[in-house]
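Me: I'd like to learn how to read a model like this one, feature by feature. Could you walk me through it?

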Amino acid sequence: MKREVWVIGGGLAGSEAAWQLAQAGERVRLFEMRPVVNTPAHKTSCLGELVCSNSLKADYLENAAGLLKAEMRLMNSLIIKAADQTRVPAGGALAVDREEFARTVTKLLMDRPEVEIVREEITSLPLDQPVIIATGPLTSPAFTQWLRGLLGREYLYFYDAVAPIVSKDSIDFTKAFFGSRYARGEAAYINCPLNEEEYNRFWENLVSAERRLDHLTEEAGLKYFEGCMPIEVLAARGRDTIRFGPMKPVGLVDPKTGRRPYAVLQLRPENKEGTLYNLVGFQTSLRWGEQKRVFSLIPGLAEAEFVRYGVMHRNTFINSPELLLPTLQWKARENFFFAGQLIGVEGYVESAAAGLVSGWNMARFLRGETLQAFPPETALGALFGHITTADPRHFQPMNINFGLFPPLTPENTGRRYGKSKKEKNQAYAKRALSVLGRFIRNFVE
Ligand SMILES: Cc1cc2nc3c(=O)[nH]c(=O)nc-3n(C[C@H](O)[C@H](O)[C@H](O)COP(=O)(O)OP(=O)(O)OC[C@H]3O[C@@H](n4cnc5c(N)ncnc54)[C@H](O)[C@@H]3O)c2cc1C
């Protein structure tokens, strides 16, 4: 067996996998097709480019996404290290300056003597080569074709959408105001409050606006991931659905009225300079002209300049419960590992976490050691346990969440946990970090 590892795809998962291997002292050839061949969503040639939101989600322990980050920090994650270095204010979330973030990921990898970066599209692979396949939801068509033949199974697929971005100086601050929900962290968000009449007008225009994929129906195979549903699809479920979702007003008080608004659109800073803001939860498949017309009905956005419109893309993922072990090794060929959104995780950090687990286990494989799944009590173990053991007939992409963890009992926590959701989540996090600490002492140090 050859000793050098080929990592295919220099996105969040592939970059993290290459980093983990380099830290273990292994030689890596990292293949990234950009800028020679581009995807429909990426804009630069940088490794680790974030294609949509600049937020890596919550960064506090009572949230499962925050716990996953804490665990990745303990495992010296490249993606979390780069995010920590380039963070921008975002309340309780870890949001980054997207360009600086991707530049940092690229530089940290270029500085590693173990890593060679090759700008080339891979369309097939030698079967005796140790590889980690991390080509993401927008895997190039030629490689998709080859993989389909290799795996001998049909791919699953779904569609995903991107939220628009507007320039800050085009927002009308006689209507909009700064503030975070429940005043948590800095007042980083811009809030556009709507009264009942404004909301009804907006909703009616949103659900009747022209979409780009109107010719595709759910029956024809158009599937969305529940957590990244286009705003107009969510709105069509009922007049109040988005008022209890992305436009919920809870925890916010409009300083002009002293009252909680009827509905709110939140905008999150997109860059360190705070000149660009994205419309939180407003991923959309509306035609661009329709986006401008409909979103401009929101108070504060009447004159908004849209620097990027929302778009839709096809996302590809494999049936991991059928194909992979919890170590992310392919069941059929021990020198092939998979990582990233391609395996059916959803989210930037989850994708990077898959790179971490596959890179770490590939290093063990090369050293002839037994591969190790992360313990189920940890976020890393719970997520990849689920991804590789879910029901393959109904497999859908998954975010990290506490519902994936084994339940807490007095026996495995050592004492009774509190009754509130926050206390319960804290208990999950405490147990996870203590179990991971022991795991690291056994297998990493
Ligand atoms: C349009 C869109 C919007 C999204 N928005 C969000 C969001 O806001 N928040 C969130 O948490 N998640 C989002 N996701 C989901 C997911 O978190 C990201 O796609 C994430 O980047 C996945 O990481 P990855 O490493 O698996 O793939 P990627 O980051 O896409 O990396 C894969 C890399 O492989 C390269 N590649 C592909 N084929 C080949 C080949 N044949 N040879 C060599 N290189 C190849 C690509 O150029 C790319 O750089 C979004 C996904 C899409 C498609």
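Reply: Some ground rules. This is a predicted model, so local features need pLDDT of at least 70 and side-chain atom pairs count only at pLDDT 80 or more, while totals for chains, interfaces and linings use all residues. Residues are numbered from 1 along each chain as its sequence is written, and side-chain values use heavy atoms, with hydrogens and water left out.

Me: How many helices and strands does the chain have?

Reply: Helices (H or I, at least four residues) and strands (E, at least two) are DSSP runs, numbered from the N terminus. Here you get 13 helices and 16 strands. The radius of gyration is 22 Å, close to the 22 Å that the globule rule gives for 445 residues, so the chain is as compact as a globular protein of that length. That radius is taken over C-alpha atoms, and the rule is 2.2 Å times the number of residues to the power 0.38. Along the principal axes, the C-alpha trace spans about 65 × 55 × 45 Å.

Me: How do I read the salt bridges, and what is the count?

Reply: Side chains of opposite charge can pair when their charged atoms come close. The rule here asks for a side-chain nitrogen of Lys or Arg within 4 Å of a carboxyl oxygen of Asp or Glu. That gives 20 salt bridges. One of them joins Asp59 and Arg73, at 3.3 Å from N to O. Asp59 lies in the loop between strand 3 (55-58) and helix 2 (64-74) and Arg73 in helix 2, so the pair ties together parts that are 14 residues apart in sequence. Asp59 is partly exposed at 21% relative accessibility, and Arg73 is partly exposed at 31%.

Me: Which parts does the salt bridge of Arg287 and Glu210 tie together?

Reply: Those two side chains, Arg287 and Glu210, meet at 3.0 Å, N to O. Arg287 sits in the loop between strand 13 (276-279) and helix 8 (288-295), and Glu210 in the loop between helix 6 (196-208) and helix 7 (231-235), so parts 77 residues apart in sequence are tied together. Arg287 is partly exposed at 37%, and so is Glu210 at 42%.

Me: Is Arg243 buried or exposed?

Reply: Buried, with Arg243 at 15% relative accessibility. Its salt-bridge partner Asp240 has its closest O atom 3.1 Å from the N of Arg243, and Asp240 is partly exposed at 31%. Bridges can also chain up: Glu4, Arg27, Arg29 and Glu116 are joined into one network by salt bridges that share partners.

Key
Buried means under 20% relative accessible area, exposed over 50%, partly exposed in between (1.4 Å probe, protein chains only).
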